Amino acid sequence: MTTLEDYLEKNADRIDKALHRYFGDVHGDLFRASAHLLLAGGKRLRPAVVILAADAVRKGSSDDLLPAALSLELTHNFTLIHDDIMDGDAARRGVPTVHTVWDEPTAILAGDVLYAKAFEFICFSDAADAAKIRAVKMLARTCTDICDGQSMDMAFEKRDDVTEVEYLEMVSKKTGVLYGASAAIGGILAGASPVQADALYQYGVNSGIAFQIQDDLIDLIASSETSGKDRASDIREGKQTLIAIRAREKGIDLAPYRRQLSGAEIDGLISRLQDAGVIDEVRAVAVERAAVAKQALSVLPDSEEKRLLADIADFFIDRGN
């Protein structure tokens with residue numbers, strides 16, 4: 001029986017080779033900038049979801065749908081390039097961000113190139129034309145939702161009254177819908193019924209929400225080595241995460257923590273939040289979303305691919321623990 005770790009490793013190697021084949025020998029600053037983050041590695045989780053969803057719907061080789069898997073990775077990287085510009089981040093995946101190596105105008109165009117290429121790559125897939133039209137339509141809607149989610153996230157930074165409902169809508173758009181599209185597009189191109197495609201979309205969206213909530217917990221609790229960024233950076237920057245929302249509901253004022261914090265101060269804050277039940281409550285929401293995601297898979301026949309999809313939902317909430 002294949003473990004999720006082994007599957008993800010083999011899939012990442014396969015995706016890396018394909019990306020190097022298409023983008024490893026590009027010329028000109030714009031196209032090198034487009035390929036910069038793509039070739040810097042990563043777990044390639046969204047392509048894995050595309051392929052697993054396709055193979056859970058039908059048996060056989062998924063080679064014909066590899067371009068669609070690449071499409072979702074291109075989409076993800078387009079959002080990363082633009083996010084790094086908006087956040088002013090200097091590093092990503094252990095390399096300098098695109099706008100710091102080149103400049104902001106070039107980085108914006110590099111992201112736009114990946115955005116356009118994503119639609120082209122879906123059309124490269126060997127699938128029925130009607131299925132490709134549905135997949136392209138879904139990707140277009142997904143990109144709109146991602147932009148809306150990012151806009152909401154930025155607007156929330158200027159507010160201190162964001163509700164849990166608003167937060168969940170924001171993360172479903174900013175993070176969830178791309179996993180939803182990954183699963184549904186893989187299924188659609190493999191011939192999924194409308195019921196199966198919708199179930200795969202719900203699986204992906206809820207998995208993505210669980211992923212983001214766990215990411216918020218990792219930011220606060222995990223070491224910098226584990227999270228890849230400074231501890232409690234969300235608290236320091238005043239991000240309206242579910243942690244911040246639940247803390248406010250329990251009368252814990254996080255405003256004094258919007259500054260550079262010592263390790264002892266962060267530990268003290270974590271203890272306050274744990275004593276108030278905030279950490280456990282937030283963790284429970286992530287676990288619940290992962291459970292909803294796995295339940296959505298019940299419409300699919302049992303298979304190793306279905307099991308691995310469920311394992312991905314569990315992996316999303318077990319990271320950093």
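With which residue does Lys173 form a salt bridge, the closest N and O atoms being 3.3 Å apart? The partner is Glu169. A salt bridge here is a side-chain nitrogen of Lys or Arg within 4 Å of a carboxyl oxygen of Asp or Glu. Lys173 and Glu169 both sit in helix H8, four residues apart, about one turn of the helix. Helices are DSSP runs of H or I with at least four residues, numbered from the N terminus.

Before going further, a word on the source: this is a predicted model, in which local features need pLDDT of at least 70 and side-chain atom pairs count only at pLDDT 80 or more, while totals for chains, interfaces and linings use all residues. Residues are numbered from 1 along each chain as its sequence is written, and side-chain values use heavy atoms, with hydrogens and water left out.

**Charged pairs**

Side chains of opposite charge can pair when their charged atoms come close. Across the whole structure, a search finds 24 salt bridges.

| Pair | N to O distance |
|---|---|
| Asp148 and Lys173 | 2.5 Å |
| Asp153 and Lys174 | 2.6 Å |
| Lys173 and Glu169 | 3.3 Å |

The side chains of Asp148 and Lys173 meet in a salt bridge. This pair links distant parts of the chain, since Asp148 belongs to helix H7 (residues 129-156) and Lys173 to helix H8 (residues 164-189), 25 residues apart. The side chains of Asp153 and Lys174 also meet in a salt bridge. Asp153 lies in helix H7 and Lys174 in helix H8, so this pair ties together parts that are 21 residues apart in sequence.

How accessible are these residues? Buried means under 20% relative accessible area, exposed over 50%, and partly exposed in between (1.4 Å probe, protein chains only). Lys173 is buried at 15%, and Asp153 is buried at 9%. Asp148 is partly exposed at 32%, as are Lys174 at 27% and Glu169 at 36%.

Elsewhere, a network of salt bridges links Glu164, Arg246, Glu249, Lys250 and Glu281.

**Helix packing**

Helix H3 (residues 45-57) packs with H8 at an angle of about 35 degrees, and their axes are 7 Å apart. Axes are lines fitted to C-alpha atoms over the stretch in contact, and angles run from 0 to 180 degrees between N-to-C directions.

Note on methods: Helices (H or I, at least four residues) and strands (E, at least two) are DSSP runs, numbered from the N terminus.
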